[in-house]
Amino acid sequence: MKATEGQSPVNRHDFANGAELAEALARTVADALATAIAARGQATLAVSGGSTPKRFFEALSQQPIDWEQVAITLIDERLVPADHERSNHRLANEHLLKDLAAKARFVPLYSDAADAEQAADVAAARIDGLGLPLDVAILGMGTDGHTASFFPHGSTLDLATDPACPHSVIAIEAPGAGEPRLTLTLPRIVEAGLLLLHIEGAEKQAVLEKALEQGPADEMPVRAVLRGASKPLEIYWAP
Ligand code: 6PG
């Protein structure tokens, strides 16, 4: 589907239901990771949190690839420890880092640094140490048009979505985001070898259609990805 003027093309992958999407997305991601391992001996994957990815995580955890060569990290994290109910690390532990994928190396964004900014610096060093660009990055989207932790009215939204941002991870706070967040920045996301957006439901489809129209990126920050991607964004959707 061609996006409007000034935007990167997007490829739509629509499925009858979430179960079929989860299996297809798991195979696509596993194939991309296996290709990276064959080429470089290792692979890197960044996943989003929230409620949508659970079924996909379960399907991915059962994919038969050489997980010992895979480093998994997060697109963003709430500034809470891994045992907190809102932790994306905890979500990954419960649904992804199990079965065959238990052998993967997980690289958390959270650390108990003195403050959010210092935690972001620690996380950035971890991300930079993975070897960039990421092989696979999987985004979600909120009904307010945020992705990663690029929230409307975010305290550092301009820097986080700057295509030339010098940082790999920054701290951000925003109304509706809850705790302070740590988020990969736009360059780290759009440079990924395979960039995916996983959304489900009619409401999010409508939000995406609106985001694909002209309009300010700070009102719907997912637009920064739609406009900044250097390769087609692969959109996976089910009702
Ligand atoms: C997070 C995610 C966030 C998520 C969207 C959609 O930490 O919450 O990284 O960007 O992808 O908020 O969340 P749902 O899947 O719960 O709708």
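Helices (H or I, at least four residues) and strands (E, at least two) are DSSP runs, numbered from the N terminus. This is a predicted model, in which local features need pLDDT of at least 70 and side-chain atom pairs count only at pLDDT 80 or more, while totals for chains, interfaces and linings use all residues. Residues are numbered from 1 along each chain as its sequence is written, and side-chain values use heavy atoms, with hydrogens and water left out.

- Asp-66 has a relative accessible area of 38%, so it is partly exposed. On this scale, buried means under 20% relative accessible area, exposed means over 50%, and partly exposed is in between (1.4 Å probe, protein chains only).
- The C-alpha atom of Asp-66 is separated by 8.8 Å from that of Leu-33, although the two residues are 33 apart along the chain.
- Ser-61 lies in the loop between helix 2 and strand 3, and its relative accessibility of 0% makes it buried.
- Leaving aside residues up to four places away in sequence, Ser-61 touches His-95, Leu-96, Lys-98, Asp-99, Leu-100 and Ala-101. Contact here means heavy atoms within 4.5 Å.

**The chain as a whole**

- The chain's secondary structure comes to eight helices and ten strands. Its radius of gyration is 16 Å, close to the 18 Å that the globule rule gives for 239 residues, so the chain is as compact as a globular protein of that length.
- The radius of gyration is taken over C-alpha atoms, and the globule rule is 2.2 Å times the number of residues to the power 0.38.
- Of the chain's 239 residues, 54% count as buried.
- Among contacts between residues at least 6 apart in sequence, 74% join residues at least 24 apart.
- The accessible surface of the chain comes to about 9,800 Å², and 51% of this belongs to carbon and sulfur atoms. Accessible areas come from the Shrake-Rupley method with a 1.4 Å probe; for residues, only the protein chains shown count as cover.

**Helix 3**

- Helix 3 spans residues 88-95, and its buried residues are Asn-88, His-89, Leu-91, Ala-92 and His-95. They are on the same side of helix 3 because they cover an arc of only 160° around the axis. The arc is that of the directions from the helix axis to the C-beta atoms.
- The cover over these buried residues of helix 3 includes helix 2 (54-60), strand 3 (70-74), strand 4 (76-78) and strand 5 (105-107).
- At the start of helix 3, a side-chain oxygen of Ser-87 comes to within 3.0 Å of the backbone nitrogen of His-89.

**Helix 7**

- In helix 7 (residues 202-211), the buried residues are Lys-204, Val-207, Leu-208 and Ala-211. Seen down the helix axis, they fall within an arc of 100°, so they line one face of helix 7.
- An α-helix has 3.6 residues a turn, so residues three or four places apart point the same way.
- Packing against the buried residues of helix 7 are strand 1 (10-14), strand 9 (194-200), helix 8 (222-228) and strand 10 (233-238).

**Around the ligand**

- There are 15 residues around the ligand, and Ser-51, Thr-52, Asp-76, His-146 and Lys-204 come nearest. A residue is near a molecule if one of its heavy atoms lies within 4 Å of it.
- A polar side-chain atom of Lys-204 lies 2.6 Å from an oxygen atom of the ligand.
- An N or O atom in the side chain of His-146 is 2.8 Å from a ligand oxygen atom.
- Gly-49 has a backbone N or O atom 3.3 Å from an oxygen atom of the ligand.
- The ligand taken alone exposes 420 Å², and the protein buries 86% of that.

**Backbone details in other loops**

- Leu-132 and Pro-133 are joined by a cis peptide bond, with omega about 0°. Pro-133 is found in the loop between helix 4 (116-128) and strand 6 (136-139).
- Asp-99, in the loop between helix 3 and strand 5, has a phi near 50°, a positive value in a residue other than glycine.

How values were computed:
A polar contact is a pair of N or O atoms within 3.5 Å; within protein, one must be able to donate a hydrogen and the other to accept it, and residues adjacent in sequence count only if both atoms are side-chain atoms.
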